[in-house]
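Reader: Hi! Could you walk me through this one?
Author: Happy to. Let me put it up first.

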Number of protein chains: 2
Amino acid sequence: MSANSRLTVAVHVLTWMVLDRREGHEVATSERIAGSVNTNPVVIRRCLGDLRKAGLVEARRGTGAGWVVTRDPESITLLDVYEALDAGGLFGMHNAQPNQSCPVGSGIQPTLRQVYDGLEDAMRKQLAGTTIADVLRDVLARQRE
Amino acid sequence: MSANSRLTVAVHVLTWMVLDRREGHEVATSERIAGSVNTNPVVIRRCLGDLRKAGLVEARRGTGAGWVVTRDPESITLLDVYEALDAGGLFGMHNAQPNQSCPVGSGIQPTLRQVYDGLEDAMRKQLAGTTIADVLRDVLARQRE
DNA sequence: CTCCTTGTAACTCGTAAGGTTACGTCCCAC
DNA sequence: GTGGGACGTAACCTTACGAGTTACAAGGAG
């Protein structure tokens, strides 16, 4: 488990909720979602908590409580999901401050910051090109094969 | 320290070595490099070990031992460096296999694999657009400011 | 009031990176 | 052929974080 699966789980959750809604269910509970992702309901609730802060889902309480997707799946891009998870950047800087009396040590961080910003941009553009609706279509298409 | 700084350190090391060579030093020792990065020499040797496997640097032994960059800095792209570190992918799949009797659970992984491959490609193209020589130029330009 | 589910705290576990110490290995210089 | 400096790597510790789990307060429809 080197990389983290948070984006994978979040996309899975949203895709599942959209399909579940289409099949007539009013709300989705963290327990049922966990049954598809194959994990603990609390893990799902934590994930849904992030998505809720970003306004992608809403929680209902009381009897018949559960979660609903609040936006059109055609309008939810994977970039929206990625940003909802506020993951740290792809690459980090030095743990300790490099030697400031060395030309490289003192100048490398702004230079790399620029490079890493470019990477982040490229990745965001890619993520913005796919929506939850796209994912669901693709998943269902594979199902028919 | 959320993200890992391995790429940052590797680029720092190579850039420093190129500058050091220009200043007339035959070889660079892990101890001197560590002085610029501000870390332990063993951390640097581990990093250089990865770069050596990729053919970017070479180690000399015996008296006057140390490291030398073996390729023209104009030809070493950050993608070369990134690949030398064989870091895991950006995003990981589920830790446990999702529910295969669920349409989403059974189809989501190939779909996401495709998306993640696209991300990786975009990132690689960006990394390939910058060389160690570019980084050194940029670092030195900031120095003059 | 009752019951179901959310929302969150608190804990454990596994993994990975970074830092450190230690030591065997290599090979030039003398 | 021996000494010494630096590589190369094993071993261990610490820190960080995601994931999984248990437990429980809070909310609200019926």
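Reader: Thanks! What does the secondary structure of chain A come to?
Author: Chain A has six helices and two strands, where helices (H or I, at least four residues) and strands (E, at least two) are DSSP runs numbered from the N terminus. Before we go on, this is a predicted model, where local features need pLDDT of at least 70 and side-chain atom pairs count only at pLDDT 80 or more, while totals for chains, interfaces and linings use all residues. Residues are numbered from 1 along each chain as its sequence is written, chains are lettered from A and ligands numbered from 1 in the order in which they are written, and side-chain values use heavy atoms, with hydrogens and water left out.

Reader: And in what order do the elements of chain A run?
Author: From the N terminus on, they go α-α-α-β-β-α-α-α. Chain A is more spread out than a compact globule, because its radius of gyration is 19 Å, well over the 15 Å that the globule rule gives for 145 residues. That radius is taken over C-alpha atoms, and the rule is 2.2 Å times the number of residues to the power 0.38. The C-alpha trace of chain A spans about 65 × 35 × 25 Å along its principal axes.

Reader: How much of chain A is buried?
Author: Buried residues account for 48% of its 145 residues. Buried means under 20% relative accessible area, exposed over 50%, and partly exposed in between (1.4 Å probe, protein chains only).

Reader: Which residues touch the most other members in the largest nonpolar core?
Author: Leu51(A), Val81(A), Leu51(B) and Val81(B) do, out of 88 residues. Such a core is a set of buried Ala, Val, Leu, Ile, Met, Phe, Trp, Tyr and Cys residues joined through side-chain atoms within 4.5 Å.

Reader: What does Leu51(A) touch?
Author: Not counting residues up to four places away in sequence, Leu51(A) touches Ala10(A), Leu14(A), Leu56(A), Val57(A), Val81(A) and Ala84(A). Contact here means heavy atoms within 4.5 Å.

Reader: Switching to helix packing: at what angle do helix 2 and helix 3 of chain A pack?
Author: Helix 2 (residues 30-37) and helix 3 (residues 41-53) of chain A pack at about 105°, with axes 8 Å apart. The axes are lines fitted to C-alpha atoms, for helices over the stretch in contact, and angles run from 0 to 180 degrees between N-to-C directions. These two helices of chain A are therefore roughly perpendicular; under 35 degrees counts as roughly parallel, over 145 as roughly antiparallel, 65 to 115 as roughly perpendicular and the rest as oblique.

Reader: Nice. Over in chain B, where do helix 1 and helix 6 meet?
Author: Val11(B), Leu14(B), Thr15(B), Val18(B), Leu19(B) and Arg22(B) of helix 1 meet Ile132(B), Val135(B), Leu136(B) and Leu140(B) of helix 6. The axes of these chain B helices come within 10 Å and cross at roughly 75°.

Reader: One more: is Ser36(B) buried or exposed?
Author: Ser36(B) is buried, with a relative accessible area of 2%. This residue is found in helix 2 of chain B. Leaving aside neighbours within four places in sequence, Ser36(B) is in contact with Pro98(A), Asn99(A), Cys102(A), Gly105(A), His12(B) and Trp16(B).

Reader: And where is Thr77(A) found?
Author: Thr77(A) is in the loop between strand 2 (66-69) and helix 4 (78-84) of chain A. Thr77(A) is buried, with a relative accessible area of 15%.
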